[in-house]
Amino acid sequence: MFTLISKVVAFLGILSFVKAYSINPYIEEGIPENANITTDPFVKIGNGYYYIENSQTVNWYTAYHSCRKLGADLVTLENQEELKALQEYNLTSGFYWTSGSDLAFTGKHVWFSDAESISSDLWLPNEPNNADCNERCVLLSVANTLADSGLNDVTCSRNTSFICESPTPMTASFVIW
Ligand SMILES: [Ca+2]
Ligand SMILES: [Ca+2]
């Protein structure tokens, strides 16, 4: 990819030198709405890009491996807005692995993908409770209402669906005139 971009930049440099074109590079986050570019297998929900796995249920580790194979991570919920966007999307009500865990430090729940603490307002009532001292991985429970949706710590060996989150794509374009 880097080589390709280097070639394009070099070509545009030559073009501007030879023809005296004015070339303005433009880089932005995300993909423009009118761009005819597929994001498959990721779907855009709110401001993020997600892969939702409903057809198989696996433990937390296998779910993470599956996301990494797609160049993504298990989903990280930044705030209530992201939870709301996912809850309102046409998800089958149910349970999905997130990247959250307290595997590094018991009782300190962080998003594995960026090591940020999990916001306290995302948990379901009375969670995380580390039931039977065996709940280290964080599950997203999606219900029909936002109020009943949220996070729960459960055992990492539980088999369940999962959601991967892609890094935000960047769009690079050039205006030539
Ligand atoms: Ca996120
Ligand atoms: Ca729990």
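Colleague: How do strand 7 and strand 8 pair, parallel or antiparallel?

Modeller: In this predicted model, strand 7 and strand 8 are antiparallel, and five bridges connect them. As an example, Leu140 has Leu151 of strand 8 as its bridge partner.

Colleague: Which residue stands opposite Ser141 in strand 7?

Modeller: That residue is Phe95. Strand 5 and strand 7 also pair in the antiparallel sense, over five bridges.

Colleague: Is strand 7 enclosed or open, and why?

Modeller: Strand 7 is largely enclosed by the rest of the structure, because five of its six residues are buried.

Colleague: Let us turn to strand 9. How many of its residues are buried?

Modeller: Seven of the seven residues of strand 9 are buried, and the strand is mostly covered.

Colleague: What pairs with strand 9, and in which sense?

Modeller: Strand 3 pairs with strand 9 in the antiparallel sense over six bridges. Strand 4 is antiparallel to strand 9 as well, over two bridges. Strand 5, however, runs parallel to strand 9 and is joined to it by two bridges; there, Tyr96 has Ser161 as its bridge partner.

Colleague: What stands opposite Cys164 in strand 9?

Modeller: Tyr51 stands opposite Cys164, and Leu74 also stands opposite Cys164.

Colleague: And what is Cys164 in contact with, leaving aside its neighbours within four places in sequence?

Modeller: Its contacts beyond those neighbours are Tyr50, Tyr51, Cys67, Leu70, Ala72, Asp73, Leu74 and Val75.

Colleague: Which residues of the largest nonpolar core touch the most other members?

Modeller: They are Leu74, Trp97, Leu139 and Cys164, in a core of 28 residues. Two or more residues come from each of strand 3, helix 2, helix 3, strand 5, strand 7, strand 8 and strand 9. Strand 7 gives the most, with five residues. As a general point, nonpolar side chains in soluble globular proteins tend to be buried together.

Colleague: Now helix 2. Which of its residues are buried?

Modeller: The buried residues of helix 2, which covers residues 60-69, are Trp60, Ala63, Tyr64 and Cys67. Seen down the helix axis, these buried residues fall within an arc of 100 degrees, so they line one face of helix 2. Tyr61, His65 and Lys69, on the other side of helix 2, are exposed.

Colleague: What do the buried residues of helix 2 pack against?

Modeller: They pack against strand 3, strand 4, strand 5, strand 7 and strand 9.

Colleague: What comes just after helix 2?

Modeller: Gly71 is found there, with a positive phi of about 75 degrees.

Colleague: A change of topic: where is Phe105, and is it buried or exposed?

Modeller: Phe105 is in the loop between strand 5 and strand 6. Phe105 counts as exposed because it has 8 C-beta neighbours inside 10 Å, and the cut-off for an exposed residue is 12 or fewer.

Colleague: How far apart are Phe105 and Glu81?

Modeller: Phe105 and Glu81 are 24 residues apart in sequence, and their C-alpha atoms are 27 Å apart in space.

Colleague: Finally, what does the whole chain look like?

Modeller: The chain has three helices and ten strands, in the order α-β-β-β-α-β-α-β-β-β-β-β-β. Its C-alpha trace spans about 70 × 30 × 30 Å along the principal axes. The radius of gyration is 20 Å, whereas a compact globule of 177 residues would have one near 16 Å. Buried residues make up 25% of the chain.

Technical notes: Residues are numbered from 1 along each chain as its sequence is written. Chains are lettered from A and ligands numbered from 1 in the order in which they are written. This is a predicted model: local features need pLDDT of at least 70, side-chain atom pairs count only at pLDDT 80 or more; totals for chains, interfaces and linings use all residues. A residue is buried if 20 or more other C-beta atoms lie within 10 Å of its own, exposed if 12 or fewer, and partly exposed in between; C-beta atoms are placed from the backbone. Helices (H or I, at least four residues) and strands (E, at least two) are DSSP runs, numbered from the N terminus. The arc is that of the directions from the helix axis to the C-beta atoms. Two residues are in contact if their C-beta atoms, placed from the backbone, lie within 7 Å. A nonpolar core is a set of buried Ala, Val, Leu, Ile, Met, Phe, Trp, Tyr and Cys residues joined through C-beta atoms within 7 Å. Two strands pair if DSSP finds at least two bridges between them. The radius of gyration is taken over C-alpha atoms; the globule rule is 2.2 Å times the number of residues to the power 0.38.
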